[in-house]
Amino acid sequence: MVFSFLTRIKSINVLCSQKMTTMIPHEITLPFDKATFGMGCFWANDALFGATQGVLRTRVGYSGGKMLNPTYRNIMDHTEVIEIHYDPTAITYQQLLELFWNNHEYGLTTKIKRQYASLILYHNNGQRSTAEDSLEQERLKHKEEMCTEIKPAAIFYPAEDYHQKYRLQQHPQLCKALMLNSQLLQDSHVAARLNGYVAGVGSVVRLNEDLKTFGLPDNLVEYVRKVHQVNKESGLYC
């Protein structure tokens, strides 16, 4: 009898979990292009691009070097980067580059260590051409020498889980409601959006539209609105 009761409770929990999962649009199946940028500490970049309209997913990691299997504690010759999956019909590579140029924490005109270097890793010749033209335009705006490098995309090594959606992970009640695991921290569309919103990124209008589709309970919807408002003027930081 006890076994039957516990089995029933477990089944109810599974059903609730499955219901919650179907309500949350973690996966977006639109065709996408990739963009990969290094622009300082990747926590801020993850928030910035995650709440940008047209971006489907983000994940942070290490790339740009030749040595194998970098980690945060042993990054070797790699750079902290963000990999962006975006819908090219909703946002262009040029528009992503504008965000790249305008939101460096450091390293744009200052030589710093490789870990935080200003870096564009292109995925095709079109991106290479656009990036090179964009760099030439940026040089006209700065008296100092530009430090940004443009290189072909290489192996991307995902960062450790605690770096993925770092701002969102500071709100465990949201992570619990989203049922985030290691894979969803990298692949979830909703996690990417909320990671930006809790950092104050994005407009209130866009936030309210998105919150209608995220499948969150009312108390967490209101919580996200309040956190977004509090952080709206604080700027991106690491």
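**From one loop to the whole chain**

With a relative accessibility of 8%, G200 counts as buried, where buried means under 20% relative accessible area, exposed means over 50%, and partly exposed lies in between, computed with a 1.4 Å probe on protein chains only. This is a predicted model, in which local features need pLDDT of at least 70 and side-chain atom pairs count only at pLDDT 80 or more, while totals for chains, interfaces and linings use all residues. Residues are numbered from 1 along each chain as its sequence is written, and side-chain values use heavy atoms, with hydrogens and water left out.

G200 belongs to the loop between α8 (189–197) and α9 (204–211); helices (H or I, at least four residues) and strands (E, at least two) are DSSP runs, numbered from the N terminus. Leaving aside residues up to four places away in sequence, G200 touches H228, N231 and K232, a contact being heavy atoms within 4.5 Å. Between the C-alpha atoms of G200 and F49, which are 151 residues apart along the chain, the separation is 12 Å.

Stepping back to the whole, the secondary structure of the protein chain comes to ten helices and six strands. The radius of gyration of the protein chain is 19 Å, close to the 18 Å that the globule rule gives for 238 residues, so the chain is as compact as a globular protein of that length; this radius is taken over C-alpha atoms, and the rule is 2.2 Å times the number of residues to the power 0.38. Along its principal axes, the C-alpha trace of the protein chain spans about 75 × 40 × 30 Å. Of the 238 residues of the protein chain, 46% count as buried, and among its contacts with a separation of 6 or more, 75% are between residues 24 or more positions apart.

In soluble globular proteins, nonpolar side chains tend to be buried together. Here the largest nonpolar core has 27 residues, and those with the most contacts inside it are F37, F49, I84, Y93, L96, W101 and I120; such a core is a set of buried Ala, Val, Leu, Ile, Met, Phe, Trp, Tyr and Cys residues joined through side-chain atoms within 4.5 Å. At least two residues of this core come from each of β1 (33–39), α2, β2, β3 (79–86), α3 (93–102) and α4 (125–139), and α3 gives the most, with five residues. Apart from this core lies another, of 26 residues, among them A177, A191, V198 and L211. Returning to the largest core, one of its residues with the most contacts is Y93, and Y93 touches A35, F37, Y86, I120, Q127, T130 and A131, not counting residues up to four places away in sequence.

How many aromatic pairs are there? The count comes to six, under a rule that pairs rings of Phe, Tyr and Trp (its six-membered ring) if their centres lie within 6.5 Å, with planes under 30 degrees apart counted as stacked, over 60 as edge-to-face and the rest as tilted. The rings of F42 and Y62 have centres 5.9 Å apart and planes at 45°, so this pair is tilted. Because F42 lies in helix α2 (residues 42–50) and Y62 in strand β2 (residues 55–63), the pair ties together parts that are 20 residues apart in sequence. F42 counts as buried at 0% relative accessibility, and Y62 is likewise buried at 0%. F100 and W101 form an edge-to-face pair, 4.9 Å centre to centre with 70° between the planes. Ring pairs also link F37, F49, Y93, F100 and W101 into a cluster.

Helix α2 also holds D46, which is buried at 0% relative accessibility and touches T58, R59, V60, I82, H163, Q164, K165 and N195, not counting residues up to four places away in sequence. N69, in the loop between β2 and β3, has a positive phi of about 55° and is not a glycine either, but N69 counts as exposed at 56% relative accessibility.
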